[in-house]
Amino acid sequence: MSTNHTNLLFRRTFGTPFNSNCSTLIFNVEYYRSSQSTAGLVGLLLNVLIFTQPILNRGPCSFYFLLSTVFNLFVVLIILPVRIVSNSFNLDLANYNSDLCKAEFYSFYIVRVASVWLILLACIDRYLHSSSNIKLRRLSSIKIARLSSCILIMVMIIIYSHIPVYFEIAKVVAQSGRIASIFNARKGTYRSFSASWHMTFYSLCPSFLMLLFGAITTKNIRHSRRTDTQLLRVLTKPRAKLHFKSLKKL
């Protein structure tokens, strides 16, 4: 991009002249975002390579991680490039089409939250798999994993169905005095509700439940090891006595 073109975009956006310091700042921000996206893409592709191996792709836990990786690939390959292009070239969808903005935000919220809850389902699967109850262990299967994933996606679609209704394009006054268009939650009570709602389902609930099922799974594993140790002692003790008696006769 030429300096004159960059200067023109900067003037249109902020109403102030463009200088080298601003150029360096914008370049560093976009470079940082691009680097993060590239590193994230490499990690996600490695996840796909690992979880599609024949030894792993039949397990329910691997299925959850693979599906979560697919959702995150959608974020890295579609959502983030749209945001980077929008910020770099001043191509904000809010200036063009409200329906496109609603579709972008709606899909972005659903995909990000669903990817986190899929990891939670993997934690629950580990709890079921480590349980001493045979009925609970039977729930750890690829069939249940597919059914749970479909239910989860439908629930997330319903939970965030308020976004296409209450998110809208609003006109705000920038620091330069210009009137700019932004796409955000409707001003007032709903904006506070939307932020709290997303924080609850994206951060608080999954984190707490992951911690809970992780602790229970650890407890189940320790109990299983303790039981195996006791069983091993019971099985080996008579054999030791019999061996000792046979040696004593000799």
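Helices (H or I, at least four residues) and strands (E, at least two) are DSSP runs, numbered from the N terminus. This is a predicted model, in which local features need pLDDT of at least 70, side-chain atom pairs count only at pLDDT 80 or more, and totals for chains, interfaces and linings use all residues. Residues are numbered from 1 along each chain as its sequence is written, and side-chain values use heavy atoms, with hydrogens and water left out.

**Overall layout**

- The protein has eight helices and two strands.
- Along the sequence, the elements follow the pattern α-α-α-α-α-α-α-β-β-α.
- Of its 250 residues, 26% count as buried. Buried means under 20% relative accessible area, exposed means over 50%, and partly exposed lies in between (1.4 Å probe, protein chains only).
- Contact means heavy atoms within 4.5 Å. Among contacts with a separation of 6 or more, 68% join residues 24 or more positions apart.

**Annotated regions**

- An unreviewed UniProt entry lists residues 38–56, 63–85, 105–124, 144–163 and 195–216 under "transmembrane region". UniProt positions are given in the numbering used here, feature names are shortened, and annotations may be inferred rather than shown by experiment.
- Residues 38–56 are 74% helix and 0% strand. The end C-alpha atoms of this stretch are 26 Å apart.
- Residues 144–163 are 85% helix and 0% strand. Here the end C-alpha atoms are 30 Å apart.

**Packing of H4 and H6**

- Two packed helices are described by the angle between their axes and the distance between the axes.
- Helix H4 (residues 98–130) packs with helix H6 (residues 142–159) at an angle of about 145 degrees, and their axes are 10 Å apart. Axes are lines fitted to C-alpha atoms, for helices over the stretch in contact, and angles run from 0 to 180 degrees between N-to-C directions.
- The crossing of H4 and H6 is right-handed. A crossing is left-handed if the near helix is turned anticlockwise from the far one by less than a right angle, and right-handed if clockwise.
- H4 contributes Tyr106, Ile110, Val113, Ala114, Trp117, Leu118 and Leu121 to the contact, while H6 contributes Ser148, Ser149, Leu152, Met156 and Ile157.
- The residues of this contact divide into 10 nonpolar, two polar and no charged. Ala, Val, Leu, Ile, Met, Phe, Trp, Tyr, Cys and Pro count as nonpolar, Asp, Glu, Lys and Arg as charged, and the others, Gly among them, as polar.
- Ile157 lies in H6 and is partly exposed, with a relative accessible area of 38%.
- Leaving aside neighbours within four places in sequence, Ile157 is in contact with Tyr106 and Ile110. The C-alpha atoms of Ile157 and Ile110 are 6.5 Å apart, although 47 residues separate the two along the chain.

**Tyr64 and Asp125**

- Tyr64 is found in helix H3 (residues 60–88). Tyr64 counts as buried because its relative accessible area is 5%.
- Outside four places in sequence, the contacts of Tyr64 are Leu118, Leu121, Ala122, Asp125, Ile144, Ala145, Ser148 and Ser149.
- Tyr64 and Ser148 are 84 residues apart in sequence, and their C-alpha atoms are 9.5 Å apart in space.
- Asp125 lies in H4. Its relative accessibility is 4%, so Asp125 counts as buried.
- Beyond its neighbours within four places in sequence, Asp125 is in contact with Pro60, Cys61, Tyr64, Ser140 and Ser141.

- His129 is found in H4. His129 is partly exposed, with a relative accessible area of 47%.
- Neighbours within four places aside, His129 is in contact with Arg137 and Ser140.
- His129 and Ile221 are 92 residues apart in sequence and 9.9 Å apart in space, C-alpha to C-alpha.
- His198 is found in helix H8 (residues 189–249). With a relative accessible area of 18%, His198 is buried.
- Neighbours within four places aside, His198 is in contact with Tyr109, Val113, Tyr160 and Ser203.
- The side chains of His198 and Tyr160 make a polar contact (3.0 Å). A polar contact is a pair of N or O atoms within 3.5 Å; within protein, one must be able to donate a hydrogen and the other to accept it, and residues adjacent in sequence count only if both atoms are side-chain atoms.
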